[in-house]
Amino acid sequence: MMLVDDRVWALFKGHWQHTLTYWSVFFSFGLCIAFLGPTILDLRCQTQSTLQEITWVFFAQQLFLMLGSALGGLFKKTLRCSLSALFVSSLVISVVFAIIPLCHHVLMLAVAMAISGTAMGVIDTIANLQLVKLYQKDSAIFLQVLHFFIGLGALVSPLVADPFLSEGSCVLGGNMTANSSTDLHHLRSYLAGKGTTPLHNVSHHYHLPTEGIITTNVSYAFWIMALINLPVPVAVYVLMYRERLFPCSNHSPRLLDKEKNSQKNQQDHNIQGHRGLFGCCNYADVKDRPASYFLLYILGGAVLFITDGIITAGCLTSVFWASVTAGRLASIYLSYRYTQQRLISVSLAGMMVVQCLLLILYSSPVFLFMGTCVLGLFISSVFPCMVALTEDMVNYKGCATTVLVTSAGTGEMVLQLLTGQLIHSKGSYSFMLVGMISSCIGFTVFLGLIYIQHLHRSSQAATSKEIAMTEKPSSE
């Protein structure tokens, strides 16, 4: 039995270079999103800062990722703008990786993270929307592959960094202890989510000198990741050349010229409403919309605000990202076999059950490991499924992708801060409690979204019927 039918395969063959390019830029996204966690102690040594100061670079990256997601829609008016933004953003990621070893002050590092966060946000919005534009009702399976590449990049990043991480103290000359190497190992385990020491006691348990000779080799990891990422902007550049977006490439046939004109015209009609986040507020476009139309955006964004916040609210290890990646790989086939509504329902229900069990059995290291893996499998497919489902609800004419991506970025930033404050004051158990409450809220909001979808379609059907009845007498 074929994994996909001939129609879906034919769609892919018609857009293969565009699709592969968008998938590759999400690999860049994954590289960027996962390297801070494992390298944070070495970056603390490099910048000679305290642990509390270095953690602000997380906030800088997440804040500008959210802003980049909102601004990404400004580059979607033409294919030239979209691909140019993807080229610059993916190239910026390689440049940031290359200059991180030169950032010897925490403020310089925070600025570099802010730049990379903006590039990530632009990539997130554009790649999702371009795939929705290409495939529309068949976009779910291709979005699952897109988000699989995030997991792949996030899995590769810590593995590249690991050989270059300091085993002991990476700042020599301070007041060192005989157990400093063991202390650093325990602290790195804690930052990876394996420790039991509350965050507000970290400074008392671990001696982290800020003055002395820096001995870290983590620079090589960032330079290697910069090289790994370089083929991505090259792939975008090649696509721009094939699309005749440069004067020197006029002799090459455009890839999209091979499409049927009727299909292209219909696609242009359906996506003409796509624009930046702020362009969604155009009064002329929304004045006649029913309240249910706006609720679809609000509730869809709320689900991703919660679920993406859960993904990044803690310090995630390669094991978690491996399970997320495996889940998205499996969801490629599941998206073809089952509806998005069913997949999201099962995912959110599974998240609630797993996190409830984690609350009960949190003292068991074996179950924590297994539960974290299963949680990654359930949560992995929510984002791409929600984008495909919400775009379908608004008939691919609104700003759903931009709104959803921005909502997800906001959730990543807000829930990360909230969880950090709770762990700081209440201990690490509060993270699992927040996750459980958030999952329950997310499932409830999703049920509300399905109900509003029913009302919205009923309203549209009634309006269409009234218009048909009004036009019938006049035609007679």
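The side chains of Asp392 and Lys137 meet in a salt bridge, with 2.6 Å from N to O (a salt bridge being a side-chain nitrogen of Lys or Arg within 4 Å of a carboxyl oxygen of Asp or Glu). Because Asp392 lies in helix H19 and Lys137 in the loop between H7 and helix H8 (139-161), this pair ties together parts that are 255 residues apart in sequence. Helices (H or I, at least four residues) and strands (E, at least two) are DSSP runs, numbered from the N terminus. The model is predicted: local features need pLDDT of at least 70, side-chain atom pairs count only at pLDDT 80 or more, and totals for chains, interfaces and linings use all residues. Residues are numbered from 1 along each chain as its sequence is written, and side-chain values use heavy atoms, with hydrogens and water left out.

The structure holds two salt bridges. Asp392 also forms a salt bridge with Arg457, where the closest N and O atoms are 3.6 Å apart. Since Asp392 is in helix H19 and Arg457 in helix H21 (residues 429-475), that pair ties together parts 65 residues apart in sequence. Side chains of opposite charge can pair when their charged atoms come close.

Lys137 is exposed, with a relative accessible area of 61%. Asp392 has a relative accessible area of 22% and is therefore partly exposed. Arg457, at 43% relative accessibility, counts as partly exposed.

Helix H19 itself covers residues 382-393 and has 12 residues. From its first C-alpha to its last, H19 reaches 16 Å, close to the 16 Å expected at 1.5 Å a residue (the expected span is 1.5 Å times one less than the number of residues). H19 is mostly covered, as 11 of its 12 residues are buried. Among the buried residues of H19 are Val382, Phe383, Met386, Leu389 and Glu391. Just after H19, Asn395 takes a positive phi of about 60 degrees.

Leu134 lies in helix H7. At 9% relative accessibility, Leu134 counts as buried. Its C-alpha atom is separated by 8.8 Å from that of Leu11, a residue 123 residues apart along the chain. Leu102, by contrast, counts as exposed because its relative accessibility is 55%.

Leu102 belongs to a nonpolar patch on the surface, formed together with Leu91, Val95, Ile99, Leu227 and Leu230. Patches are made of residues with over 30% relative accessible area and no salt bridge; like charges are joined within 9 Å, and nonpolar side chains (Val, Leu, Ile, Met, Phe, Trp, Tyr) within 5 Å. Together the six residues have about 510 Å² of accessible area (Shrake-Rupley method, 1.4 Å probe; for residues, only the protein chains shown count as cover). Helix H6 (residues 79-99) gives the most to this patch, with three residues.

For the chain as a whole, there are 21 helices and two strands. Of its 476 residues, 53% count as buried. The accessible surface comes to about 21400 Å², and 66% of it belongs to carbon and sulfur atoms. Among contacts (heavy atoms within 4.5 Å) between residues at least 6 apart in sequence, 83% join residues at least 24 apart.

Methods:
Buried < 20%, exposed > 50% of the residue type's maximum accessible area, 1.4 Å probe, protein only.
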